[in-house]
Structure formats: C-alpha cells, structure tokens
Amino acid sequence: MHDRTTSNGGTAGAQKSAPTSNLIRFLQFCLTLLRRLVDGVALLLLAYMACAIAAQIIGRYFFNYSIAWSEETATFAQVWLTLLGAGIAMRYNQHVGVDVLIRKAPLPVQRLCNGASLLLGLWFLGVVVVGSLSMLAIGFVVKSPALRIPMAIPYMALPVGFGYFLIEFAVTSLPKVLHPGRADQTAEQAQDAEAAA
C-alpha cells in the first residue's frame with residue numbers, strides 16, 4: 001500500500017514536470033533555430049558585403065565606372081552585420097566586462113550584482129528596441145539616395161539586432177544570477193560544444 005502511494009506520487013510528479021521539461025526543450029529548440037538563422041544571415045551579409053565592395057573597386061579602377069548602389073547596399077549590409085554580430089558576440093560572452101571583484105565576492109553578493117546587471121541590461125536594451133521602432137515610421141517616408149528604397153529596411157536592423165542581443169543577453173546572464181559558480185563552467189562547455197558542432 002505504501003509502495004503504491006509512493007509510485008503514484010512519483011508518477012504524478014513526473015507528469016507535472018513533463019510539461020515544464022517539454023517547454024524548456026521547445027525553448028531550447030527555438031533558440032537553436034534562431035541562432036542558426038542569425039549565423040546564416042550574418043554569413044550571407046558578410047559575403048555580399050565583400051562582393052559588393054569588390055565590384056565597386058573593379059568598376060571604379062578598371063572600367064572607370066562607379067556603381068553607386070553597391071556602395072550603398074554594402075553599407076546597409078555592414079550595419080545589419082554589426083548589429084547581429086553584437087548578439088553573436090554576446091552568445092559567446094565576448095563583450096568586454098570587468099568582473100574580477102564580483103567573482104571574488106561571496107555567492108549572495110555575486111547573485112545580487114549579477115541580478116542588478118541583468119535588470120539594468122534588459123531595461124537598457126528594451127528602451128533601445130522600443131525607441132528604434134519610432135525610427136521605422138520615419139524610414140518609410142525617407143528613401144535611400146541610390147536605390148530609392150525606404151530607409152525602413154536598413155533602420156529595421158536596430159530593433160532586430162538589439163532584440164536578438166536582448167535574447168542572448170538574457171540567456172547568457174540568467175545562469176550567472178541563478179548559479180554564479182557553475183555559470184562560467186557551463187558557458188565554457190557550451191562554447192566548446194557549439195564550436196565542435
């Protein structure tokens with residue numbers, strides 16, 4: 001009788017935790033998909049930028065002809081690449097940070113400092129994302145000089161890039177708040193695993 005109650009309780013507990021673990025797996029899948037998409041877009045932007053600049057150089061110095069749209073689109077690609085690259089750098093924890101004193105502090109102080117850093121960072125990035133949306137309204141009116149496309153297309157890099165940065169910042173910073181000691185080891189292992197893949 002006692003064993004049956006225990007096994008039923010264990011089964012009920014497993015059933016309750018199953019939706020949570022399924023949600024975590026789904027979120028991890030979405031994050032992996034988003035990261036692969038951003039990596040692919042960044043590679044395409046880099047390749048396009050190199051080709052557009054090469055075409056501009058060849059046209060100008062070999063054929064005495066300037067391709068105006070190639071310079072413009074290369075600039076737009078660079079802006080997109082820079083803002084997406086900030087999120088990619090955040091994924092690998094490659095932004096400059098001074099945390100020597102925080103690492104030497106006791107765990108409660110580490111949690112407090114990392115939590116404050118997380119909240120301030122999320123607030124700042126949220127303000128930037130929301131503030132950049134107002135630029136899109138202007139971008140639909142203003143046209144680019146060479147191609148005459150709406151400037152909303154290059155301006156879209158701001159909310160998209162900083163939105164991605166916000167996601168990576170939250171994913172990278174949250175473990176430092178919950179488990180300060182283990183977070184650094186986990187980040188290093190994740191970097192090694194992703195580099196191997």
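**Pocket and helix notes**

I began with the lining of the second largest pocket, whose residues divide into ten nonpolar, seven polar and four charged. I kept in mind throughout that this is a predicted model.

Next I looked up the volume, and the second largest pocket holds about 540 Å³ of space. Which residues are closest to its centre? Of the 21 lining residues, I found N93, G97, D99, S117 and K176 to be the closest. I then asked which elements give two or more residues to this lining, and the answer was α3 (100–104), α4 (107–139), α6 and α7 (180–196). The largest share comes from α4, with five residues.

N93 made me check the backbone there. This residue sits just after α2 and takes a positive phi of about 60°.

That took me to α2 itself. I tested its length: at 1.5 Å a residue, its 24 residues should span 34 Å, and the end C-alpha atoms are 35 Å apart, which agrees.

Then I turned to helix packing. Two packed helices are described by the angle between their axes and the distance between the axes, so I looked up both values for two pairs.

On the α2 side I noted W80, L83, L84 and I88 among them, and on the α6 side the contact includes F162, Y164, F165 and F169.

My other pair was α4 with α6. How are these two oriented, roughly parallel or roughly antiparallel? They pack at an angle of about 170°, with their axes 9 Å apart. That angle is over 145 degrees, which makes α4 roughly antiparallel to α6. By class, I got 18 nonpolar, eight polar and two charged residues for this contact.

Terms used
Residues numbered from 1 in each chain as written. Predicted model: local features only at pLDDT ≥ 70, side-chain atom pairs only at ≥ 80, totals over all residues. Heavy atoms only, no water. Contact = heavy atoms within 4.5 Å. Helix = DSSP H or I, 4+ residues; strand = E, 2+ residues; numbered from the N terminus. 1 Å grid on protein atoms, 1.4 Å probe; cavity = no way out; pocket = protein on both sides within 12 Å on 5 of 7 lines; lining within 4 Å. Points joined across faces, edges and corners; volume = space filled by probe spheres on them. Nonpolar A, V, L, I, M, F, W, Y, C, P; charged D, E, K, R; others polar. Expected span 1.5 Å × (residues − 1). Axes fitted to C-alpha atoms, helices over the stretch in contact; angles between N-to-C directions. Parallel < 35°, antiparallel > 145°, perpendicular 65-115°, else oblique.
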